[in-house]
Amino acid sequence: MKKSIILGALVLIAPVAIVAPVSAATKVCTPTQAIEEGPYYLSSTPTRSDVTDGQEGKALTLTFTVVDLACKPIKNARVDIWYANAQGVYSGVANQGDDLGARVNSGNFLRGTQFTNSKGVVTFKGIYPGWYPARTIHIHEKIWVGGKQVLTTQTYFTDKQNAAAMATAPYNKRGAQRVTNATDMVLTRGGTDLNKALMKLNGSKASFTFVVNRA
């Protein structure tokens, strides 16, 4: 009789280590730098999205996003903007002797305020800012959260972008821009990091994200 030899397979079962999932690192956003208010702010800014008021210039849609230090969008944040027209003039103010950025005039052109949507976004319709002798081209902004003012700042464009816009009508009637980003008195004396204050410009659309402390 033939004997069948059955070899049993020895199976070694190694203990399974249970590894707890690694929690994702908390996302943190760096606060937007504060930059001085300047002399031409008006608290009576109208609530509206179109700030053009018939001003001639390169059409520009401005989109601003407001987020907190955890990079989460803030709903109902108030965003104020104001800036100079193609002739370098601000609306509603008189010259204060410090530059030529104002004249005796009325109106609210290129001034507006809005409240952010659920994504923390507001959009304004306006024109590309103009320059005036003491400053490079810029846009002023103020932000409130829960009725508390949390940021006053300014945003900018590159010298190349400014030069391209200033070469077109009606900006070119005033000649070349006198002050560039490198020689702007606010940027140089305030130690501002220009790269962190530049608008993202794509054709006729510009955008910027503000990071604020909502506490």
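Biologist: Which residue forms a salt bridge with D184?
Modeller: A salt bridge here is a side-chain nitrogen of Lys or Arg within 4 Å of a carboxyl oxygen of Asp or Glu. For D184, the closest N and O atoms of the pair are 2.7 Å apart. The partner is R135.

Biologist: What kind of model is this, and which atoms do its side-chain values use?
Modeller: This is a predicted model, with residues numbered from 1 along each chain as its sequence is written.

Biologist: How many residues apart are D184 and R135?
Modeller: D184 sits in the loop between α1 (159–166) and α2. R135 sits in the loop between β4 (121–127) and β5 (138–145). Helices (H or I, at least four residues) and strands (E, at least two) are DSSP runs, numbered from the N terminus. The pair links distant parts of the chain, and the separation is 49 residues.

Biologist: Is D184 buried or exposed?
Modeller: Buried means under 20% relative accessible area, exposed over 50%, partly exposed in between (1.4 Å probe, protein chains only). R135 has 4%, so R135 is buried. D184 has 0%, so D184 is also buried.

Biologist: Which residue pairs with E36 in a salt bridge?
Modeller: The closest N and O atoms of this pair are 2.7 Å apart. E36 lies in the segment before β1 (59–67), and its partner, 153 residues away, lies in helix α2 (residues 185–190).

Biologist: How many salt bridges does the structure hold?
Modeller: One of them joins the side chains of D53 and R48, at 2.9 Å from N to O. D53 is partly exposed at 41%. The structure's total is 6.

Biologist: Which backbone oxygen does the side chain of Q114 reach?
Modeller: Q114 lies in strand β3 (residues 111–115) and is buried at 16%. Beyond its neighbours within four places in sequence, its contacts (heavy atoms within 4.5 Å) include R48, A77 and F124. At 2.6 Å, its side chain reaches the backbone oxygen of T123.

Biologist: Within what arc do the buried residues of α1 fall?
Modeller: N162, A165 and M166 are buried in α1. They line one face of the helix, because their directions from the helix axis to the C-beta atoms span a limited arc. Seen down the axis, that arc is 95°.

Note on methods: This is a predicted model: local features need pLDDT of at least 70, side-chain atom pairs count only at pLDDT 80 or more; totals for chains, interfaces and linings use all residues. Side-chain values use heavy atoms; hydrogens and water are left out. A polar contact is a pair of N or O atoms within 3.5 Å; within protein, one must be able to donate a hydrogen and the other to accept it, and residues adjacent in sequence count only if both atoms are side-chain atoms.
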